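The entries follow the order in which I looked things up.

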Amino acid sequence: MATEPTMDASSLPPIERPWRQVFSLLWRDKFAFVAALFLTLMLFCALFGPGLLGDVATKMDLKQRNAPPLELERGWLFILGADALGRSILARIIVASQNTLAIAAAAVAAAMIIGGTLGLVAGYAGGWLGNVIMRLADIIMSFPSLLLAVVVLYMFEPRVANLVLVLALTRIPLYLRTCRAEVLEVRERMFVSAARVMGASRWRILFRHIAPIVVPTLITVATLDFAVVMLAESALSFLGIGIQPPEVTWGLMVAQGRNYLATAWWLAFWPGLAIMLTTMALNLLASWVRTAADPEQRWRLETAGRRSPDIR
Amino acid sequence: MGSYIGRRGLHSVFSLIGLIILVFFLARLTGDPTNLFLPIDASVEAREAFAERHGFNDPLIVQFGRFLEGLTQGDFGESIRQRRPALEVVLEAFPTTLMLAFLSMSVVITSALVIGALAAYRPGGVFDRLSSLFSLSGASAPDFWIAIMAILLFAVALGWLPTSGTGTPWHWVLPVAVLVIRPFGLLVQVVRGAMITALSSAYVKTARAKGVRERVVIFVHALRNAMLPVITVAGDQATAIVNGAVVVETIFGFPGIGKLMIDSVLQRDFAVVQAAVLVTAIAIFLMNILIDIAYAMLDPRIRHN
């Protein structure tokens, strides 16, 4: 009887749970850790903010008009000051986080699904259909996204749904191209040929065999893209063609504060800072994800000791 | 090289035609076109007369033919607010935006090349970390907010620079500075990446072994090869700068095409919006061809293919 080579379990390194491993990698990069913490806080604000502070954020008190920030005598809610109608800026920023993040998330998700599907089709089918899809993407790409949004929002009402659609529209080519490039490579692999030989239908090959391989790439692109879309929404709302009052996003808050710039700077300052910190945190985290997900780069995080690691 | 540029040019022509079709049919599909061209409170008679005069009652395909015919003759319709040809209004605003874009792109490309190259020289060094922190913040900055904070600081509080308008060179400082921030942030990262690859290549080692001075190695040997991805990204950024120009011109009261578009949207002057979109598209189309030529000139693989 041949003896099977046995492995002594104790000689193997202990298997770490995946989330613990992620956490310890994250902990080694302090910038990314702070960014993740900040984004968790923002997510909490977006989910529960309107429920908890909705009433406070709309309560007007003209005695507090443009109350200056960093004074505690009005209570901690007014630590960032009050706006032109005497509403707490802190509460309004927290409440507005929901719209700001939800619009960007919806737009990214829509762009990813539509662009991804079109990319799958263009990559797998090719031919005239693939060509038409690619040329359409070229048209959108070759034109400044903000102008495209301006035209569409001119023709349709600037409602939330239209805003999401137009933001998605400008981002579709990104996902379409990424997805198509992946598909072109994946469809030549052995398991796809095997599925084809076994008589799987086109749709089955596309959605059961190819799509699962492409989706992680698309999600990585989407995390990077979230910040871009958020900035685009803010700019549109700031220009007055995005979200309309009484709805509120951070971009709109900056626009409203702009009229009081010379007398009450804090009206425009805090919501803009919220935008900047959120996009920065997203970018920092995305750049960490890129490093952590890349086997050739991960050592930079794993070997980082006391020195803060080079995150690229 | 000729066939390469020809092929790319043909692609761009397709895109341009596609955009023209898109703009026309979107405008007609959203319902009564008089809604787009006339103010909301226009009377029914005024709408009828307008529709009759501009042939909105004809079949769609006839209208499209007429629209195309107008385009070839430079007729983009008439501005309702200003009562003169829309093209005239747009072309008046165009040079300001062009100048703004040109100045910003020059600043972005030169500064990104120098700083990206220096950062790539010692990856992980102090300068590299500082520059990546700055470029990351730059790429994350909401430009409209930076613009009004810059006004607050440099114009209102310190009084060094004018708040808005044109006239003196000083009026250009803040708009260009704001417009530069985001593309600069992105481009520095690209230059850095391309330079790191170039600096570890064999021809750089050869140059060093020959005893070429370090400054020449970086800025002549490596940088030239790192230029290709930079040009691609710089081209993409040029369309992004038009986005930025819309914001910056609106805030600083610059009479360029971006401000014109936003004003026309808010005043519902559709002919001007349409003309501005098409003129911008043509300008970008021409610029893409220039970028392709530059690309072909830098890369011998394309030139001799």
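What percentage of the 305 residues in chain B is buried? I noted first that the model is a predicted one. I then found that buried residues make up 37% of the 305 residues in chain B.

**Entry on chain B as a whole.** I looked up the secondary structure of chain B and found 13 helices and zero strands. I recorded a box of roughly 80 × 55 × 30 Å, taken along the principal axes, for the C-alpha atoms of chain B. I also checked the contacts in chain B between residues at least 6 apart in sequence, and 72% of these join residues at least 24 apart.

**Entry on one helix pair.** I turned to α11 (residues 257–266) and α12 (residues 270–298) of chain B, which pack at an angle of about 150° with their axes 9 Å apart. The crossing of α11(B) with α12(B) is left-handed. From α11(B), I listed B:I257, B:L260, B:M261, B:S264 and B:V265, which meet B:V272, B:V273, B:A276 and B:T280 of α12(B).

**Entry on the two chains together.** I found 38 residues of chain A in contact with 44 residues of chain B. The elements of chain A that give two or more residues to this side include α4 (127–141), α5 (145–155) and α8 (202–239). I noted that α10(A) gives the most, with nine residues. The residues on this side of chain A divide into 26 nonpolar, seven polar and five charged.

Methods
Residues are numbered from 1 along each chain as its sequence is written. Chains are lettered from A and ligands numbered from 1 in the order in which they are written. This is a predicted model: local features need pLDDT of at least 70, side-chain atom pairs count only at pLDDT 80 or more; totals for chains, interfaces and linings use all residues. Two residues are in contact if their C-beta atoms, placed from the backbone, lie within 7 Å. Helices (H or I, at least four residues) and strands (E, at least two) are DSSP runs, numbered from the N terminus. Ala, Val, Leu, Ile, Met, Phe, Trp, Tyr, Cys and Pro count as nonpolar, Asp, Glu, Lys and Arg as charged, and the others, Gly among them, as polar. A residue is buried if 20 or more other C-beta atoms lie within 10 Å of its own, exposed if 12 or fewer, and partly exposed in between; C-beta atoms are placed from the backbone. Axes are lines fitted to C-alpha atoms, for helices over the stretch in contact, and angles run from 0 to 180 degrees between N-to-C directions. A crossing is left-handed if the near helix is turned anticlockwise from the far one by less than a right angle, and right-handed if clockwise.
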